[in-house]
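Hi,

Here is the model I promised to pass on.

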Amino acid sequence: MSLQLRCLYTHSLALVVTLLLLTATSGDSDVVTTITAVLGHSITFRCPSTHSSSVEGLYIQRDKNDKVVEFINGFYKGRVMDVSPEYQDRTKVNETDLSMEMRNISVSDEGLYNCVVFVNGKHEISQILLKVTAEYSVPTITTDCSERKHGYGGAVMSCQLSCSAAGGYPQSTVRWPGLNQSLTNIFYNWSSTDNESKTWTINQTIMYICDQPTNISCAVGGAVSDTISICETESFPRVVITAIIIVLVFVLLLILVVVMKCCCRRPPTSEDRADGVDIPLADCHSQRQHVLEVTTKR
């Protein structure tokens, strides 16, 4: 075995043993700092220490389960740290303020991290809980309202309302601000997660019994849909409005037929009267004008 391989093997073994020892003593600190990162953005882990001038090293690690410790990034004076490819390109440690920047946050980064600060041969451990969030798209709301028979001779209006939003994390539920919950019945509820991004799509359909005109919206996470109006009553029933329209159209057609007949008749001439042709009753104005002309000539 070459000298270089021996050194690398010894360093890796020492790092594993150190991480295991630190894991065994990671319960020294009961204070957990919670930070929240937006999906796809960056976040900075800041490890607290009161001995920044004499810090020898910093390890940021993660407990993936009860037995495995994952080294994220860090430094130790005089040593070259072996960072996994998963974190090498998107993490950067600042030795001055004992912080680490993590870029391109994904849902899989969510979890509990340990900050181990080495000071004068001893170590200080603090814990940081990373939570990941992603805002849902503006919810889409649709409605279908209709009247249904209810009991004997009565009718009630009900609305089927649907709300959907996507791209959010963590999983959320649909809320209906402004609706009377006692008149609401959940008809359909469905959620799914994307296999790659781990973000959620939320859908819900409810049946709402109308009691009065209402302005409503739906909300998923922190996203709120546009406001729409439901349960609006008509001033006249549709049957009455339809009957009125039919009568008006019939009357207009009748008037149009009469006017067309009057306009198509020509006024009687002197020859028509000499031959005994009946004088039309329509076009009275033309008849009076003809009588006046005959009287003037005489």
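Before the rest, some housekeeping. This is a predicted model, where local features need pLDDT of at least 70, side-chain atom pairs count only at pLDDT 80 or more, and totals for chains, interfaces and linings use all residues. Residues are numbered from 1 along each chain as its sequence is written, and side-chain values use heavy atoms, with hydrogens and water left out.

On confidence, the mean pLDDT (the predictor's confidence in each residue, from 0 to 100) is 80, and 71% of the residues reach 70 or more. Watch residues 1-28, where pLDDT stays under 50; the model has 27 contacts for them beyond four places in sequence (a contact means heavy atoms within 4.5 Å).

Now the overall picture. The protein has 5 helices and 17 strands, taken as DSSP runs numbered from the N terminus (H or I and at least four residues for helices, E and at least two for strands). Of its 298 residues, 31% count as buried. Among contacts with a separation of 6 or more, 58% are between residues 24 or more positions apart.

Back to glutamine 204, which sits in strand β13 (residues 200-209). Beyond four places in sequence, the contacts of glutamine 204 include Leu161, Val174 and Tyr188.

Leu161 and Trp176 also turn up in the largest nonpolar core, a set of buried Ala, Val, Leu, Ile, Met, Phe, Trp, Tyr and Cys residues joined through side-chain atoms within 4.5 Å. The core has 52 residues, and Phe45, Ile60, Met102, Leu161 and Trp176 touch the most other members. Strand β7 (residues 111-119) gives the largest share, 6 residues. Leucine 161 itself is in contact with Trp176, Gln204 and Ile230, among others.

Then the charges. The whole structure holds 3 salt bridges (a side-chain nitrogen of Lys or Arg within 4 Å of a carboxyl oxygen of Asp or Glu):

- Aspartate 97 and arginine 46 meet at 3.3 Å, N to O. The two are 51 residues apart, with aspartate 97 in the loop between β5 (91-94) and β6 (99-102) and arginine 46 in strand β2 (residues 43-46). Aspartate 97 is partly exposed at 37%, while arginine 46 is exposed at 53%.
- Aspartate 109 and arginine 90 meet at 2.7 Å, N to O. Aspartate 109 lies in the loop between β6 and β7 and arginine 90 in the loop between α2 (85-88) and β5, so the pair ties together parts 19 residues apart in sequence. Both residues are buried.
- Glutamate 101 pairs with arginine 103, with the closest N and O atoms 3.7 Å apart. Glutamate 101 is partly exposed at 29%, as is arginine 103 at 27%.

Cheers

Methods:
Buried < 20%, exposed > 50% of the residue type's maximum accessible area, 1.4 Å probe, protein only.
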